[in-house]
Amino acid sequence: MKFCVASFLICLLCCCSKKESTASIEGKSPSEVSSIEHSNLNASLTKLPGQNAISSRCMECHKDIHHHWQKSHHGQANRLLTMALDKQPFSNKSLKTPSETWTFSKESKELTITANDEKHNVGMVIGVEPLIQYLTAASDGRWQAPNAAWDPSKKEWFDIFNGDARTKADWGHWTNRGMTWNTQCAWCHMTDFQKNYDEVSDSYQSHWKEMGIGCTQCHGDLAEHADEKSGCLIDISSHKNLKKNHPERILDGCATCHSRRAEYDDRFKIGDKYGNHYQLQLPTLPHLYYPDGQIRDEVYVWTSFHTSNMGHKGVSCMDCHDPHTTKLKLPLANNTLCMSCHAGGSNGRIEGAIIIDPATHTHHFGKGKHNDVGSGHSCVDCHMTHTTYMGRDQRRDHGFHVPDPALSKELGTPNACNKCHTDKDTDWAIKWTKDWYGEKLNSPERKRQRARTRAIANAYSGDPRAIAKLLEAHQNEKNPYWQSTLLQIMQPWANDPRVQNLGRAGVHSKESLVRASACMLLEFSDGNGPWLEPMLKDPVKEVRMAASWAWRRNISSRSDVYKKLASTISFGADQPAGALRLAQLANDANDLTKAEKWAKRAIKLDNTSAGTHEFYAILLGRMERPKEALTQLGIARKLEPNNPRYPYLMALTYAELGQKDKTEELLRVSLKTNPANPRAWYNLGLLIAEQNKLNEAIDCIQRAEQLDQNNADFPYARATLHLRKGQKMEAFEACRTVLGIDRNHRNAMQLLRQIGNPQQK
């Protein structure tokens, strides 16, 4: 399963000038839009080019701001197709990608994209630089973003998947939901967008106020109520919806697009709290972030920025970026922007910034053009390295990381030195950083950050010993974004009393992000009702949703809490993750028929997700349909042939069917790949014991005990095997081990009475 969304930073040329031209496409199906004559569209576009219906009202009083916005990546965030701008890419050009052969042509008054002989009408456009994507009309109100994109600089078509061969079975294929504009792109490219998905018909009736990021998206309804007498207040902090909130709520508007997140709804208005509409993705998954927080996949900048020291100390988006031009307030050349604070000055907001002398700090000091970005002298070269997404879109990491080649050698994390000096090895980079910076590399702050990185790296790798370092890292962490990250990463150790205490303390944090993460942690251990139930009434939705999900098995399906949880999850039902979560919710409520309906929907939306097939298999097992469960597990195993979980689950299913030979075969296959599964050793031991191979069975059970010393079932099983061999002393000691784990273990106490005192003759 691949993830790809059109970047918010890759924005578009706005076009609709009059309300009538916008209304001509609003709410219409793609087929209706594609049938509109392009000549009629062009006529309306040429009157007031670059303006949007509502935002044009602001121009009279705010001409300068409007002029800058109009040319910005915000103002250019979405537009209709126009022959004047788009004729060149469709002059009978072609492209070959691993999955498709593409042609791009003009036919009469229409521009078309043909992929493997299937013709698609183009109606809207996203992207200006460094790439443009042309949206094609699809069925059921959907718009799709092809992976064939136009490079306006090189004047060529290219593949944003970088040669990744995706078939039509893949969720991330351009014709499927992973590339559906209505749900993957539109919110960040339109003003007041609502996708309006209908579960029953599996269709969209999407609506918006205007194309692009218009004035009302960031300023609220001021523009809509402006008139010649009263005008409007451009100071958004005076807006009625912001007076009741902390001024930083303004920046939550930035986060709605510049973050990777799960959506609760599409009703965010400027002044709202981010957590009332979204669940932020933190650095908890190794395919998204490196363990030190550096970006890996397409995660945007909000999380990286807030996990940084700069973000934690109060630096904001608008300290560096102009919201209307979307450009930097000062140039990067000669470090002008960074030195506005780090040279000892202040822009009126940032206090206490570390004073830096570039001449002695960078060791890449040059003259003239050699001082610019890319010379090694620039601050961003070392502290904001870029990663290329969508084939040609370079985006800078906003975590402001310190290059650390030593951690690169130890953990495989990237570092700026070797990203630039690709002809050198890590040892070379380690030598020079030591020579240049010496003891600065061993400062208390660097040691703390390194310890956190090592702890997360160990957790990423599945090391069961990682918990001690995670607990230490959490104790030393002040940044709530990292605190929340560490809490979520500790979920595999949720039954550890130390971890459980952290979760219970976390629900009382003043930070809603921490409270939500604490609820997520408490889901995986017992006895947390007194801590979770109060969170069902938390003022912030991200906390309520986390608590509701964690406590879902204890909530009546007739309660308002349950209904709100189901309704919120349903917002994402057009995506496989949302459908799967609805299946899980129904399964936990013992509504197996409904669970199967949503499981099938999730598989239909993404047939290449092994995890979804696994869930359906487990559900089928509950429904006493083991043969069908085996089919689903077989599909999962083909999708992930090296995943030891699937032969293990298949072994259990064959055991249910009484096929012991197949059960043993698959248990051994699973253990060969993952010898650290105690339950697999335990089950194999019991199976072999049935064959009267008691010595081998005892060995298997002992392996299980070594891997999980808190499970009383393992030593009890071994006690029974020892007794079968007549080894009363070994059976006696095994029972004592059981009672050391569970002093109320009745079977062990009964077995002890049966054995008596083996030392007495």
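Hi everyone, let me start with what counts as an aromatic pair here: rings of Phe, Tyr and Trp, the last by its six-membered ring, pair if their centres lie within 6.5 Å, and planes under 30 degrees apart count as stacked, over 60 as edge-to-face and the rest as tilted. A search of the whole structure finds 18 aromatic pairs.

Quick word on the basis. This is a predicted model, where local features need pLDDT of at least 70 and side-chain atom pairs count only at pLDDT 80 or more, while totals for chains, interfaces and linings use all residues. Residues are numbered from 1 along each chain as its sequence is written, and side-chain values use heavy atoms, leaving out hydrogens and water.

Now, to the rings. Trp102 and Phe104 are stacked, at 6.3 Å centre to centre with 5° between the planes. Are they buried or exposed? Trp102 is buried (under 20% relative accessible area, with a 1.4 Å probe and protein chains only), at 0%, and Phe104 is buried too, also with 0%.

Next, Tyr134 and Trp157 make a tilted pair: 5.9 Å centre to centre, 45° between the planes. Tyr134 sits in strand 6 (residues 133–137) and Trp157 in strand 9 (residues 156–159), so this pair ties together parts 23 residues apart in sequence; strands are DSSP runs of E, at least two residues, numbered from the N terminus. Both Tyr134 and Trp157 are buried.

Finally, charges over rings, meaning NZ of Lys or CZ of Arg within 6 Å of the ring centre and within 35 degrees of the ring normal. Lys431 lies over the face of Trp432, 4.2 Å from the ring centre, and Arg581 over that of Trp549, at 4.1 Å. Thanks, everyone!

Conventions
Buried < 20%, exposed > 50% of the residue type's maximum accessible area, 1.4 Å probe, protein only. Helix = DSSP H or I, 4+ residues; strand = E, 2+ residues; numbered from the N terminus.
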